Amino acid sequence: MAKYLVIVESPSKAKTIGGYLGRDYTVKASMGHLRDLPKSTMGVDIEKDFTPKYIPVVGKSELIRDLKKAAKDAEVVYLATDPDREGEAISWHLKELLQLDDEKAKRVTFNEITKKVVRDSIRKPRQIDYQLVDAQQARRVLDRIVGYQLSPLLWSKVRYGLSAGRVQSVATRMVVDRENEIRAFVPREYWSLEVKLTRMAGPGSFLASYYGEEKKRELGSAGEVEQILRDVEGKPFDVVGVKKGQKTRNAAPPFTTSTLQQEASRKLNMTPRQTMMLAQQLYEGIEIAGQGTLGLITYMRTDSLRLADEAMDAAAEVIRARYGDSYYYGRHHVYKTRAGAQDAHEAIRPTHAELDPESVRGSLNRNQYALYKLIWSRFLASQMASAVFDTVSIDTRCAGHTFRSSHQSVRFPGFLALYEEGRDEEDEAATSPLPELAVGEQASASDFHPEQHFTQPPARYTEATLVKAMEEKGVGRPSTYAATVSTIEDREYVEKTGKNLAPTPLGEIVNSLMMEHFHDVIDVEFTAAMENELDAIADGQKQWKQVLREFYAGFHEEMLEAETALQGVRLKVPEEETDEICELCGRRMVIKSGRFGKFLACPGYPDCKFTKPIVERMPGNCPSCGGAMLKRKSKKGYPYYACENKDCGFMSWDVPTDQICPVCGKTLFKKSGRGRAKTFCVNADCANFTPEDQRGYYKKPAAAESDGEQESAKKPAHRTRAKKA
């Protein structure tokens, strides 16, 4: 029997760590939290100084019994949950639940899950950090108080089932505020003027843009442009300035949680939630062909830019070997972490710099590979030489008006040979090379291109830019960004239109109520200050219950005032009218939300109770009759795909795509779910047909499951059927 028990959160992490330790160690997974506040009640006794009432998580009794038995038989129990506040709290809950004394319970953390780090950490355990535990308890209790007291108020005044939260409500406000900025924006007219110039002394033409007179000038009207055109008409342009130079551009720093989510959104079209799920898999370990299970990246919840010296040394070796000495930065490229950031962990980087993405591609799925490549490339590029550009700027003048031409070309690519950071704004259009000109030369003008423009309102947030703004304003922390964005979308406070986030009518009504009655809770600066308070608890500078007392005094007063002010009030969410006509009374139907999502309803309720589902047309055609494929929902709210022709009867849980089978020419399908890309043919008469048992559905392990897995098991089995002729 093993002497030592190691407890981690997940089976994949247990498998990876188990491979690094010897026979004396048993590694088990807690499947996340085993003790938490109850779901049915607040679980916080406010009158007894905010005492939390923790209970074992429902559905995990068998797992708890198994861990208790293993802990009883072990000499030492190593609590190896994630190296953050939540991980520290999980370890503390395990210690309490398993009734472990301080001598038997040892805390270990792994910033990266590699053999060296795991073994070194096991040799140097520590005690549980109760300051981190208290900071996490304070966050949990704060969020529980706000959520469980505000949410019922929203149910009674707006709609049942709504929720409010200390961070989610602020994120919603940020989206609403941006929308209000856009609505209030007044466009301002301006003009650009471009001219094609041709050398008089030799071949060569180039484009020049209006710059100004002695100083830069913005053209505000068509009249100003017309005056310039009259001034320069038929006159030569003199070259009055030629400026050549060089500029350098440094690589972006390695990823933090926020920048990883932003870049994955820009380049890979991944949501923050999807990015963090994949990063967790890469951190915990992947079975790599010929090498066993390896943790491929360091811990993914961090706002530090620090890198270990050993990691930077490894990057230098890879860069020199792949690109040559000139592409290495020349020394450790150290980046300064922003003020206020936590420095407990390194930046996100690969654990083995020599494991390039192509060498592990066969062991990763498509999305894991894409994210690993992004992380590996960004890390390596951060230690590469700067890119060098040759620049040239030419000023030409005519009748007192200056026109400017500029161009830059890559002299030395440096880090750009591997990686270039994505941008939220559009890049300026590339310019053409300029001819060799000297001061004093003249050029003739042709093809003037005046163009009217209008200033644009600020862009709506995307998931990436909202995460960036939350980080900049101090709203939330790396561990909360993805969950917050997902929550406000799931609650239908904001909706995605393309990549952009816009507030829904529901979101605006809830935000308005919160703004009027709970200004502190929804105030960006107040929320950021609360995060600093939690940091102070973690640093031992403040006592967690004192922070709760100070917060609750003001919050409770706002609650009482709101309940009085809103007595007898019911806020109505504006209904979105559609072009669909009620089949019973002829009214234009509206979109309503119900238990299983949105649906169409007659606005004449209760006189007219006609409803029907919102139908979304899918790409491709029905493989049975060629009709259009429509997305529908089952009675339990699960999406399926059916032919528009009721007489056909074809339906499938699989998703139709815009791809065609090369053998039979019918629509190919794919599995449902994010990141599923492999297509297959569902036509049983086709030689390319893929049976259901070969379409790669996840198979549920026989071992104990988490609550989330048990919940997902309730979803109907995937199937494809067609009505028999």
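**Exercise 1. Strand β16 and its neighbours**

Task: In this predicted model, find how many bridges join strand β11 to β16, and which way the two strands run.

Solution: 
- Start with strand β11, residues 237-249.
- Two bridges join β11 to β16.
- The two strands run antiparallel.
- For a residue pair, take D238: its bridge partner in β16 is Q442.

Solution: 
- Strand β9 covers residues 189-199, and strand β16 covers residues 442-454.
- Ten bridges join β9 and β16.
- These strands also run antiparallel.
- L193 stands opposite P450 in β16.

**Exercise 2. Positive phi angles**

Task: Locate D447 and state its phi.

Solution: 
- D447 sits in strand β16.
- Its phi is positive, at about 50°, although D447 is not a glycine.
- Now check accessibility. D447 has a relative accessible area of 46%, so it is partly exposed.

Task: Where does A399 lie, and what is its phi?

Solution: 
- A399 belongs to the loop between β14 (387-398) and β15.
- Its phi is near 55°, a positive value in a residue other than glycine.
- A399 counts as partly exposed because its relative accessibility is 43%.

**Exercise 3. Salt bridges across the sequence**

Task: How many salt bridges does the structure hold?

Solution: 
- The count is 45 salt bridges.
- One of them joins the side chains of K13 and D82, at 2.7 Å from N to O.
- K13 lies in helix α1 (residues 11-20), and D82 in the loop between β7 (76-79) and α3 (85-97), so the pair ties together parts that are 69 residues apart in sequence.

Task: Are K13 and D82 buried or exposed?

Solution: 
- K13 is buried, and D82 is buried too.
- Next, widen the view. K13 and D82 belong to a network of salt bridges that also links E9 and R301.

Task: Which residue forms a salt bridge with E420?

Solution: 
- The partner is R249, with the closest N and O atoms 3.0 Å apart.
- E420 lies in the loop between β15 (401-412) and β16, while R249 lies in strand β11, so the pair ties together parts that are 171 residues apart in sequence.
- E420 has 37% relative accessibility, so it counts as partly exposed.
- R249 has 24% relative accessibility, so it counts as partly exposed.

Task: Classify D579 and R588 by accessibility.

Solution: 
- First, the link. D579 and R588 form a salt bridge, their closest N and O atoms being 3.1 Å apart.
- D579 reaches 67% relative accessibility, so it counts as exposed.
- R588 has a relative accessible area of 39%, so it is partly exposed.

**Exercise 4. A charged patch**

Task: Which residues gather in a patch of negative charge on the surface?

Solution: 
- The patch brings together D309, E310, D313, E317 and E354.
- E354 has 52% relative accessibility; exposed means over 50%, so E354 counts as exposed.

**Exercise 5. A cis peptide bond**

Task: Where is P606 found, and what is the form of the peptide bond from Y605 to P606?

Solution: 
- P606 is found in the loop between β21 (597-601) and β22 (611-613).
- The bond from Y605 to P606 is cis.
- Its omega is near 10°.

Note on methods. Residues are numbered from 1 along each chain as its sequence is written. This is a predicted model: local features need pLDDT of at least 70, side-chain atom pairs count only at pLDDT 80 or more; totals for chains, interfaces and linings use all residues. Side-chain values use heavy atoms; hydrogens and water are left out. Patches are made of residues with over 30% relative accessible area and no salt bridge: like charges are joined within 9 Å, nonpolar side chains (Val, Leu, Ile, Met, Phe, Trp, Tyr) within 5 Å. Accessible areas come from the Shrake-Rupley method with a 1.4 Å probe; for residues, only the protein chains shown count as cover. A salt bridge is a side-chain nitrogen of Lys or Arg within 4 Å of a carboxyl oxygen of Asp or Glu. Lys and Arg count as positive and Asp and Glu as negative; His and the chain ends are not counted. The place of a charge is taken as NZ of Lys, CZ of Arg, CG of Asp or CD of Glu. Buried means under 20% relative accessible area, exposed over 50%, partly exposed in between (1.4 Å probe, protein chains only). Two strands pair if DSSP finds at least two bridges between them. Helices (H or I, at least four residues) and strands (E, at least two) are DSSP runs, numbered from the N terminus.
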